Protein chains: 2
Amino acid sequence: MKNPAKSAMIVIDMERGFIEPESAHCIRTAKATVPACSKAMAMAREKGIPVFLVNRIYRADGSDVESTRYHAWVAGGKAMTPGSTGMLSYEMPEGMEPQPGDYTLIKPRFSAFFQTELDLILRRLRVETVILIGTTTPNCIRTTCYDGICLDYNVVILPECCSSQTEEIQRVNMEDMERVGAKLLSLEAFAAYDASNAPSLVQEVCAAVAADETHPE
Amino acid sequence: MKNPAKSAMIVIDMERGFIEPESAHCIRTAKATVPACSKAMAMAREKGIPVFLVNRIYRADGSDVESTRYHAWVAGGKAMTPGSTGMLSYEMPEGMEPQPGDYTLIKPRFSAFFQTELDLILRRLRVETVILIGTTTPNCIRTTCYDGICLDYNVVILPECCSSQTEEIQRVNMEDMERVGAKLLSLEAFAAYDASNAPSLVQEVCAAVAADETHPE
């Protein structure tokens, strides 16, 4: 059976423009998570879990940059557009390059789900659980987490593979996401993640709702 | 001119089931914000700013409760469904009842935008800025803030009219939202809010993009 854990790994915004210290858009601790991300992606592929690389690539005229970021994006040299090179490029770092069998998607906003085809593909693949890694925790990881819960996916986050500008932001955002129902897993615990222990709260709730004979109203 | 500030006030989840201490779903500091919310809503109406009351009303069979909250919702007496009464009801507290001219919407998830007609109505009304009040800061206010930014609205938040389970959650979430581009306004500052000082970053960025002759690619 393909993908027995019915899961997908979503790798978010790990592009040079967000992780290189020389870029104006650098997330302070993102580069340090590259080895952990790379390891998590290899583990996922080994388990038959499809890997989705969901990255920003901005339009060169800025028409798809958030208004609240537009001026910083212009000042920072219009990074991560089709012509961007070096530290400003949207290339993924060494060890995280897309592999045959991976899905690559471009997202126009924070959440990997926001006006992308991610949900459509996950449904087609019968995925029930999304496993989130990448950057930044308070923005792209968190909005993807909430959208995932809203679209009825089980959400798993690997905190060792996520990054924030400060330790407090990282900690409090992880706590908020755990409180709202995301499951935080260490890389070590993820090594043992398979169909036998994949969380299936959504499946369980679907069964409970199906068994409830109250009229919906 | 109707609504000269081109703004809308979005009042989120201020229902008895979320604010009464006797409800299992009570947000600790929500009830204390009722007078501030009531004042903010009166100010908005006076300024010609439409007020949108966006609340949860769960289906009685639980089919639209987030999976991560389903068990707590059942254990808490299936609050905020069409038949709920008293402390479990979806009634708004005294002083915050809908007034003639307000819009009332039901939302199925955290964000006031998620699969509701809010964006459609705001576009039709030519609204450029959403002003958020209600509960809870880390969930419904924050997801609405991010969706608002993503959908190209200026986002204003009145922190005195928002609530969280702890002071740390309230503080760090407000800081995250400010950092991502929301404008935090005191009630006092909101008293002076009108067309002459309504933030219009989105309008300014639209003009900058229109003036940029780079091909989009």
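S7(A) stands opposite T129(A), a residue of strand 4 of chain A, in what is a predicted model, where local features need pLDDT of at least 70, side-chain atom pairs count only at pLDDT 80 or more, and totals for chains, interfaces and linings use all residues. Residues are numbered from 1 along each chain as its sequence is written, chains are lettered from A and ligands numbered from 1 in the order in which they are written, and side-chain values use heavy atoms, with hydrogens and water left out.

Strand 1 (residues 7-12) and strand 4 (residues 129-135) of chain A run parallel and are joined by 6 bridges; strands are DSSP runs of E with at least two residues, helices are runs of H or I with at least four, and both are numbered from the N terminus. Two strands pair if DSSP finds at least two bridges between them. In chain A, 6 strands form an open sheet with parallel pairing, in the order 3-2-1-4-5-6. Strand 3 (103-106) and strand 6 (183-184) of chain A are at the edges with a single partner strand each, so one side of each has no neighbour in the sheet.

Chain B is superposed on chain A by a rotation of 180 degrees with 0.0 Å of shift along its axis (RMSD 0.0 Å), using least squares on the C-alpha atoms of residues with pLDDT of at least 70 in both. The two copies are thus related as by a two-fold rotation axis.

Between the chains, E168(A) forms a salt bridge with R171(B), with the closest N and O atoms 2.8 Å apart.

Conventions
Salt bridge = Lys/Arg side-chain N within 4 Å of Asp/Glu carboxyl O.
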